[in-house]
Amino acid sequence: SKNLKMIRLTIIVIFLTVFSSCTKNHEGSTTAANYHGKWTLVKMSGSMFNSGTTGIEMDWQEFYLFKNDGTITKSRTKNAVKTAVSGTYTAKNNADGLYLELTYPKESELIGSCYGNLKEELYFPDARTLSSTWKNCDGPGLDYEKVDK
């Protein structure tokens with residue numbers, strides 16, 4: 001009976017150790033420190049499978065600039081016309097990873113959102129890519145990569 005309790009306790013400890021180490025590895029692929037900076041649109045995809053375009057083939061060029069003070073600037077160049085909008089952002093940890101919620105003070109054609117509520121949501125499918133949730137509601141799939149400078 002004493003041995004059985006010891007075995008159960010050992011199994012629980014092993015299970016918790018393995019489980020917590022897996023969780024730690026999954027988190028932290030993107031930390032608050034490394035999403036600050038400039039993220040440039042590198043790929044645009046439509047609702048059809050394998051309909052991605054990159055570089056000058058995309059309908060527009062754009063980037064986000066995340067500043068340390070919680071502000072954001074989004075800039076788009078389309079048909080040689082440059083448009084920009086500024087707002088604020090907050091980082092949120094959801095069950096499936098880190099999200100950035102962007103809030104803008106006024107309407108803009110640059111806001112890519114499912115809700116039309118002056119907000120955008122971006123997430124990290126991996127540590128080097130930032131993606132828009134706009135594709136969840138028939139918007140284009142937009143993938144951004146960080147520019148070091």
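Mentor: Two strands are said to pair if DSSP finds at least two bridges between them. Please keep in mind throughout that this is a predicted model. Here β1 and strand β9, residues 141-147, run antiparallel and are joined by seven bridges.

Trainee: Which residue of β9 is the bridge partner of W39?

Mentor: The partner of W39 in β9 is K146. Strand β9 is also joined to strand β8, residues 129-132, by three bridges, and these two strands run antiparallel as well; in that pairing, S131 has D143 of β9 as its bridge partner.

Trainee: Let us turn to the rings. How many aromatic pairs does the structure hold?

Mentor: A pair of aromatic rings is described by the distance of the centres and the angle of the planes. The structure holds eight such pairs. In one of them, the ring centres of Y35 and F66 lie 6.2 Å apart with the planes at 80°, so this pair is edge-to-face. Because Y35 belongs to the loop between α1 (2-26) and β1 (37-45), while F66 belongs to strand β3 (residues 61-66), the pair ties together parts that are 31 residues apart in sequence.

Trainee: Are Y35 and F66 buried or exposed?

Mentor: Both Y35 and F66 are buried. F66 also pairs with Y89: their ring centres are 5.0 Å apart and their planes stand at 85°, so this pair too is edge-to-face. Since F66 is in strand β3 and Y89 in strand β5, the second pair ties together parts that are 23 residues apart in sequence. The relative accessible area is 2% for F66 and 8% for Y89, and the cut-off for buried is under 20%.

Trainee: Which residues form the aromatic cluster around these rings?

Mentor: One aromatic cluster is formed by Y35, W39, Y64, F66, Y89, F124 and Y144. F66 is in contact with several of these, including Y35, W39 and Y89, and its other contacts include L100, L102, L122 and L130, leaving aside neighbours within four places in sequence.

Trainee: How does that relate to the largest nonpolar core, and which residues have the most contacts inside it?

Mentor: The largest nonpolar core has 23 residues, and those with the most contacts inside it are Y64, F66, L100, L102 and L130. At least two residues of this core come from each of β1, β3, β5, β6, β7 (119-126) and β9.

Trainee: Where do charged ends sit over rings?

Mentor: The charged end of K38 sits over the ring of F63, at 4.2 Å from the ring centre, and the charged end of R76 sits over the ring of W60, at 4.0 Å from its centre.

Methods:
Residues numbered from 1 in each chain as written. Predicted model: local features only at pLDDT ≥ 70, side-chain atom pairs only at ≥ 80, totals over all residues. Heavy atoms only, no water. Phe/Tyr/Trp six-rings, centres within 6.5 Å; stacked < 30°, edge-to-face > 60°. Helix = DSSP H or I, 4+ residues; strand = E, 2+ residues; numbered from the N terminus. Buried < 20%, exposed > 50% of the residue type's maximum accessible area, 1.4 Å probe, protein only. Lys NZ or Arg CZ within 6 Å of the ring centre and 35° of its normal. Core = buried A, V, L, I, M, F, W, Y, C linked by side-chain atoms within 4.5 Å. Contact = heavy atoms within 4.5 Å.
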